Amino acid sequence: MFQQDQDVFNILLGAVSEGVVIVDENQKIVEVNESAEQLFGYDNKELIDKDLNILMPYNYHAAHGEHFKGFMKQNQKRQMGKGRDIYGVKKNGDIFPVEAGLNPFTVYGKKYVMALLIDITERKNYTKQLEKTVAERTKELEDALETEKELNDLKTKFLSLVSHEFKTPLSGILTSAMLLSKYKLTEQQEKRDKHIKTVTDKVNYLNNILNDFLSVERLETGKITYKFNEFKVSKVVNEVVYNSNMLLKEGQHINYPDDIDELSLIQDEKTVELALSNLVHNAIKYSPEHSTINIKIKQDNAETTFTISDNGMGIPQSEQKNIFNRYFRAGNALLTQGTGIGLNIVKSHLENLGGSISFTSEENKGSTFTIKIPNTGNL
């Protein structure tokens, strides 16, 4: 069909950068340009008289015949594979994505279709990478928004907590101060002492809260310095238990750990005492009257393990993941005084010293907290 003006025709085909494949109405390839041969990996004129299926993956063969017949019947230009991915297959069997524009035409009473083909592998890869990047950025944005929401919630909780934790003791101090002025007689000394103790206790409580806030600030800014010295574990335990005994509710009891007289550490003593005190005080605070707090300590060549267990209210399963978050307080503990800072501070200190803290808990059955700390401090 193309014998007439063949040279002109070849020049025109060669000038087209896209791959050009021309087939007759029986899907036989009657002409290709050099770009198409390079695209599919064939030599000069190697595709002539071959069935069009040679350029398509095998799984496309069955359906393509009907598509082609429908296209020839409509006899209109269109984009091949619109709305779906289409693929070509190279001579070596490699399959690659293509974009194809179909153009029907008639010469000397015979119908033909010219397909303009482009390898879109790079475009598809770019699109995939772009979609991946968009998904990652979207996830980052969602995480940032979630973090911002959590921070706002945390800020609200913190302001509410500070308001409550400061307002209650300040009200007690104000009330006791007012009542003190009324007890002027010598025989009223007992009543004066009672209110003086209230004022002292409340001031100490507020002072402890402020110290916690300062500890958080120092931990965040890296202004914490640790002082290592060798000390007996029993020395710290004795101090913690002595102070804790004054906080015990009616009938509560602390089981002193066995066989610790020979145990010693080279660590920051104040940090170890702070961590142990926090856990024992929490066990007392969140346990009922007539309950027992158990302290167990064991040591191997590398580390010392402190275990503090109680039979208190426990931590709800759904809230356990947040227990070390700053200012977080479990829903079943909101009526009990506390700032939600202590465990966060303890965890930060222990991790700074190469240690760790973990726990197991079941609501209404109690909690067990475990501290592990190296026997020798090494920053």
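Buried means under 20% relative accessible area, exposed means over 50%, and partly exposed lies in between (1.4 Å probe, protein chains only). By that scale lysine 365 is exposed, because its relative accessibility is 56%.

This is a predicted model, in which local features need pLDDT of at least 70, side-chain atom pairs count only at pLDDT 80 or more, and totals for chains, interfaces and linings use all residues. Residues are numbered from 1 along each chain as its sequence is written, and side-chain values use heavy atoms, with hydrogens and water left out.

**The chain as a whole**

The chain has 379 residues, and 38% of them are buried. Its secondary structure comes to 8 helices and 13 strands. Both kinds of element are DSSP runs numbered from the N terminus: helices are H or I with at least four residues, strands are E with at least two. Contact means heavy atoms within 4.5 Å. Among contacts in the chain with a separation of 6 or more, 61% join residues 24 or more positions apart.

**Salt bridges**

A salt bridge is a side-chain nitrogen of Lys or Arg within 4 Å of a carboxyl oxygen of Asp or Glu. The structure holds 8 of them.

| Arginine 123 | Glutamate 99 | 2.7 Å |

Take arginine 123 and glutamate 99, which meet in a salt bridge. Arginine 123 lies in helix α4 (residues 121-180) and glutamate 99 in strand β5 (residues 95-107), so the pair ties together parts 24 residues apart in sequence. Arginine 123 is partly exposed, at 42% relative accessible area. Glutamate 99 is partly exposed too, at 27%.

Lysine 347 and glutamate 351 both sit in helix α8. They are 4 residues apart, about one turn of the helix. Lysine 347 is partly exposed, with a relative accessible area of 25%. Glutamate 351 is partly exposed at 45%.

In the remaining pair of the table, glutamate 362 has 44% relative accessibility and counts as partly exposed.

Helix α7 (residues 269-285) packs against helix α8 (residues 342-352) at an angle of about 150°, and their axes are 10 Å apart. Axes are lines fitted to C-alpha atoms, for helices over the stretch in contact, and angles run from 0 to 180 degrees between N-to-C directions. Angles under 35 degrees count as roughly parallel, over 145 as roughly antiparallel, 65 to 115 as roughly perpendicular and the rest as oblique. The two helices are therefore roughly antiparallel.

On the α7 side, the contact is made by Thr271, Leu274, Ala275, Asn278, Leu279 and Asn282. On the α8 side are Gly342, Leu343, Ile345, Val346, His349 and Leu350. By class, this contact has 7 nonpolar, 5 polar and no charged residues. Ala, Val, Leu, Ile, Met, Phe, Trp, Tyr, Cys and Pro count as nonpolar, Asp, Glu, Lys and Arg as charged, and the others, Gly among them, as polar.

**A buried alanine**

Alanine 115 lies in strand β6 (residues 110-119). At 13% relative accessibility, alanine 115 counts as buried. Leaving out residues up to four places away in sequence, alanine 115 touches Gly19, Val20, Val21, Gly101 and Leu102. Isoleucine 22 is 93 residues from alanine 115 in sequence, yet 6.2 Å away in space, C-alpha to C-alpha.
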